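Me: I would like to learn how to read a few features of a protein model. Could we go through them one at a time?

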Amino acid sequence: MDDAPLDLEAKVRLLTGATMFTLRGEERLGLHPMAFSDGPTGVRGLDFTGGPITCLFPNATLLASSWSMETAAEVGSLLAEEAERQHIHVVLGPTVNLHRSPLGGRLFEAYSEDPLLTGHLAAAYVSGLQSQGIGACVKHLVANEAETERHGVDSVVDERTLRELYLLPFEIAVEDADAWSVMAAYNDVNGIPATEHGPIVNGILKGEWGWRGLVMSDWFATRTAGPAANGGLDLVMPGPDGPWGPALVEAVRSGEVDESVVDDHLERLLRLADRVGATGDGRTWRTDLPAPGGDVRREQLTRLAASGMTVLTNDGVLPLAPETSVALIGRPAIETTCMGGGSAAVRAPHQVSIADGLVEVVDGVMLMDGVAVRARPRAALPGMFTVPKTGEPGMRVRMYGASGALLADSVSAEARTVGFMPDQELAEPVARVVMSAIVPGGAMRVGVLGVGDGTVRVDGTTYDVHLESESDDIGGDFLRPPGWQTDVVLDGPTKLVADLTLAGWAGLGLVAEPTPPTDDEAIAAAAEAARGAEVAVVVVGLTEEQETEAFDKSTLALPGRQDELVAAVAAAATRTVVVVNAATPVLMPWRDEVDAILWAGLPGQEGGHAVAAALLGTIEPTGRLVTTFPAADGGSPAWDVVPTDGRLVYEEGVHVGYRGHAARRAPAPAYWFGHGLGYGEWEYGEVSLVAPSPAPIVQVSLVNVAARDSREVVQLYLQPDEDDQPIRLIGWTSVDVPAGQGATVRIHGDPRACRTWTDSGWRPLTSGRLYVARGLGDLRGELELTR
Ligand code: BGC
């Protein structure tokens, strides 16, 4: 190490990424390059697509539904192992933005509508990661609850709401787990870009909370040099280009930015490097790690997914006996959506469908396809194509420059790829892409994804395609590319070639899947199959078209004719169980017509195994909802996610989710936050106040009167006396109780949920009513809290 101090240019150089996901090293400081990876439901690695195989975890809402810090910590430590395998220093997660409006496209990545639950789970996840020397990055600071116009929207939130709700998860993650980094969001907060937000970053995060970690920008979010550096942003991502570099050097020289500000950013960067082992001799990476698709991960990921699943209703049909004759119905049974779309997506070793999972454990399963669930073409699933001539799985991708020169000729094991990456070293920008593969014979749906003009050739026919950009978002066409498809009948395996002259940065890919039945055929066949079985299990759900970064939803209705399918099956079947394969609330107009509903989230790579275990009860689905399910579109206290003149006003204030429903600012929901039946049955006994302050401690006795062992989540809510104070969750605990036995538990309220923000700072809330509940629709005990 050379002791000569770095000059300003050298310091500033370190404060912008080196590539999309790596940082620069600096020998003179003994600093090694660091590598970052998304997060939060797997460690994807340094490539958006085509990277190494890595574990696909259950999505955040499903994991959160366990209401278990042990679960969150285990996830963090398993992610650390996945990071070790890929030599990643920092995982870009957890996402702690709240479920404000259920329309938010990215809620699947975030935990809950409740800040306390979110904060505690995030802190546990962070501790799990960081206990193994892998950094966490808590994102996105702050008020980033929707995707529409996400790069410039101004989230308008009053300070009380910001403090009590949206900042609280960050506060808990920083205070309880000392998260090593935080990501500044794309949006503005009250007129100031989040990447320049001095009052929040310098004032609250680094000031009031005394936090010594590093703030990085969300990708391409930084707009300025001086204001961002002065506002507390430490690191611009990605690189190598960006708004700092010479502009920040100039800002220091002109006196706009004090050099001590740059030094502080660098100090924080070096602290992060130290913590993750990227200084001195560098990090020794573990090699004794379980294979992403092996038995160890199968057990872990099945258990984590199944135990978070939530029984919404059950007249006793669940759990199913293995010898039950089952008609298993629905497209998501066959093509289970195991993950959401966007930067959280990973290349999984496998994604076990619900059909494959159930067939393994139930003797008599009759499988029926359902109605269409996607409106858009999507990239072929693995196994749907092979590379011409070599026969290996995947497609051949040739990229050409505008000069006509062949820039790259490679094989992509996935049916999607990218034509441009800032750190891809190609002789010139990619102007044209030719993708080719052999697809199976029979009735096939084939096509292409991307933005541009060109042709698709298959079976002697050439189709002209014209694909226009559909999004203003910098990553929109990349994360959700436009596509074209057609149905053909092929005599046998046939070559499919898409030749596209690119007109923008987009995801690229080939479409290839068997042509599905029509919806009418599917509904009629499903009802027929349901009639002949003891139990019909219908799987409905959302896909990555709704559960995605960069786009919001406009309705909570299930896509396509899925409601009709359920109604037809319920009318025909003796018993009907619905499995909902979605991460976020959906409308269930048929909910009183069916015998049981299991909410299964986006269950990750072992999804089918987990759903099977939950349906049979070999693993109890002990989930409790992390977000209120409204009964109809518009039926939430916060609904609209489309900004008006660039502003999204959080006008419901602190009355988000169940807080607003309970205050009658929205109609009664279909299912409350905290609801979930499991397979136990609980009688609550005495509830007593052990101590009133600094936050209430409540003791509860309860008995599991069911014939099987079960786990209960005992929730404690405070309704303060003041009119303007909404009811809120202040604590919870979980307990495993054998069949027929009782337990006594103590719930410690968290003082950070028992306070309100006023003009003169925090004021504790010391009087009101305490409720012990299984969600606010099922109160089990009540107490007075007095000063
Ligand atoms: C997302 C971040 C993510 C980053 C890097 C952004 O579009 O908002 O959450 O970590 O990309 O992929």
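Me: Which backbone nitrogen lies 2.8 Å from a polar atom of the side chain of Glu164?

Reply: The backbone nitrogen of Trp757. Such a polar contact is a pair of N or O atoms within 3.5 Å; within protein, one must be able to donate a hydrogen and the other to accept it, and residues adjacent in sequence count only if both atoms are side-chain atoms. This is a predicted model, where local features need pLDDT of at least 70, side-chain atom pairs count only at pLDDT 80 or more, and totals for chains, interfaces and linings use all residues. Residues are numbered from 1 along each chain as its sequence is written, and side-chain values use heavy atoms, with hydrogens and water left out.

Me: Where is the place of Glu164, and why does Glu164 count as buried?

Reply: Glu164 belongs to helix α5; helices here are DSSP runs of H or I with at least four residues, numbered from the N terminus. Glu164 counts as buried because its relative accessibility is 9%. Buried means under 20% relative accessible area, exposed over 50%, and partly exposed in between, with a 1.4 Å probe and protein chains only.

Me: How many residues of α5 are buried?

Reply: Seven of the eight, so α5 (residues 159-166) is mostly covered. The buried ones are Arg160, Thr161, Leu162, Arg163, Glu164, Leu165 and Tyr166. At the start of α5, a side-chain oxygen of Asp158 comes within 3.2 Å of the backbone nitrogen of Arg160.

Me: How do I read two packed helices?

Reply: They are described by the angle between their axes and the distance between the axes. Axes are lines fitted to C-alpha atoms, for helices over the stretch in contact, and angles run from 0 to 180 degrees between N-to-C directions. For helix α13 (residues 354-361) and helix α17 (residues 607-616), the axes come within 7 Å and cross at roughly 50°. That angle makes α13 oblique to α17; under 35 degrees counts as roughly parallel, over 145 as roughly antiparallel, 65 to 115 as roughly perpendicular and the rest as oblique.

Me: Which residues of α13 and α17 make the contact?

Reply: From α13, Ile354, Gly357, Leu358, Glu360 and Val361; from α17, Gly608, His609, Val611, Ala612, Leu615 and Leu616. Contact means heavy atoms within 4.5 Å.

Me: At what angle do the axes of helix α11 and α17 cross?

Reply: At roughly 55°, with the axes of α11 (residues 295-308) and α17 coming within 8 Å. α11 is therefore oblique to α17. Here Arg298, Thr302, Ala305 and Ala306 of α11 meet His609, Ala610, Ala613 and Ala614 of α17.

Methods
Helices (H or I, at least four residues) and strands (E, at least two) are DSSP runs, numbered from the N terminus.
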